[in-house]
Amino acid sequence: MINKNKHSELNDLGARLNKARKEPNDPTRHEKDINNEKGGALSLAFRVGVELISAVAIGTAIGWGLDNWLGTRPWLMLVFIILGGAAGVINVYRLASGFGYAPGYRKDNDDAGTHSDSGGD
Amino acid sequence: MAEGHSPLAQFEIKRLIPMQIGDIDVSFTNSSMMMITTVIVVSSFLILGMRRSALIPGRWQSIVELSYIFIANLLKDTVGSAGRPYFPFIFSTFMFVLVGNLLGMMPYGFTFTSHIVVTFTMALFVFLGVTLIAIFKHKMHFFTLFMPPGVPMYMAPLLIPIEIISYLSRPISLSVRLFANMLAGHTLLKVFAGFIIALGAAGIAPWFFVVALTGLEIVIAFLQAFVFTILTCLYLNDALHLH
């Protein structure tokens, strides 16, 4: 009798598991999860700062390297610091306006829905 | 004595087995020691947890399965089914960072994720890997990333360097976030722990604070491992589904 009970319990569990597994495919979930991860004003502020500074640092490094290579010190470094600043602003703009992390100018969500649909088991 | 009590003394690299190849110092340090410990802990946690692989899992097996499902769902939600071949890499990254962070919370432990060398190397491998995947998958089409369609031609000389810098800054922002969080948290913990002794009987106040902070640090250890993983997934998503 116990065995029989266990069997139906397992079947029930299987049905519930299958139902739960189907739910994550809901396309609205995707967006919400990403937004939750971003949540917390402090971590967002920290990310904005890092994005701004890292782009300037990369720009400076590229400019410095090119200067050393071409012997044009200090002109290229000056140009690339400004370009780095622009890249930093673009990074922050993409971060803030929901473009995701992708370069380019189209919204991330355009094709995200179709991808998560195909992610069945 | 003063050096031993510095809040930054915990980040010091110590050579356990000095080694040298040519001019390069390849000593086995306390950082390498913690990394090997992390790999051993993660492997034994997963392998021993699954050794019985019962149909109805016990506590240990449940934790192992939960961590697997957690990352599998994360990958499925962010990348979709195209990301499945990369699951082992993502899962290893997550477990390595997470257990590294948590082992760093042990007394007398060492947090290797608090060194930018370590996090930057990991971020660099992620970045190079993702870029290579994108190039192999999309061939020349990959380079339209830096020159999106619909942009007037005369903007190209300005736009392309900016886009390249923006792309190259990814590994930095990926690594700095993990490193800075671990470094700041552990330093803060040490500074407040120093106040306990210095204040004598009144040290009970910073003591409570340190207890609370330890809990917060454990949360941050999880959160930063998660953030590192989700960013890796998002970069992978960009590489696989180019705009």
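Biologist: What span does helix H6 of chain B reach from its first C-alpha to its last, and what is expected at 1.5 Å a residue?

Modeller: In this predicted model, H6(B) covers residues 170–198 and has 29 residues. The expected span is 1.5 Å times one less than the number of residues. That expectation is 42 Å, and the helix reaches 42 Å, so the two values are close. Just after H6(B), Gly200(B) takes a positive phi of about 65 degrees.

Biologist: What makes the crossing of H2(B) and H7(B) right-handed?

Modeller: A crossing is called right-handed if the near helix is turned clockwise from the far one by less than a right angle. The axes of H2(B), residues 59–78, and H7(B) cross at roughly 35 degrees and come within 9 Å; the crossing is right-handed. Ile71(B), Leu74(B), Leu75(B) and Thr78(B) in H2(B) meet residues of H7(B), including Ile230(B) and Cys233(B).

Biologist: Which residues touch the most other members of the largest nonpolar core?

Modeller: They are Phe94(B), Ile165(B) and Cys233(B), in a core of 54 residues. Helix H7(B), residues 204–240, gives the most to this core, with 11 residues. Ile165(B) also touches residues of chain A, among them Ala55(A), Ile58(A) and Leu83(A).

Definitions and conventions: Residues are numbered from 1 along each chain as its sequence is written. Chains are lettered from A and ligands numbered from 1 in the order in which they are written. This is a predicted model: local features need pLDDT of at least 70, side-chain atom pairs count only at pLDDT 80 or more; totals for chains, interfaces and linings use all residues. Helices (H or I, at least four residues) and strands (E, at least two) are DSSP runs, numbered from the N terminus. A nonpolar core is a set of buried Ala, Val, Leu, Ile, Met, Phe, Trp, Tyr and Cys residues joined through C-beta atoms within 7 Å. A residue is buried if 20 or more other C-beta atoms lie within 10 Å of its own, exposed if 12 or fewer, and partly exposed in between; C-beta atoms are placed from the backbone. Two residues are in contact if their C-beta atoms, placed from the backbone, lie within 7 Å. Axes are lines fitted to C-alpha atoms, for helices over the stretch in contact, and angles run from 0 to 180 degrees between N-to-C directions. Lists of a residue's contacts leave out its neighbours within four places in sequence.
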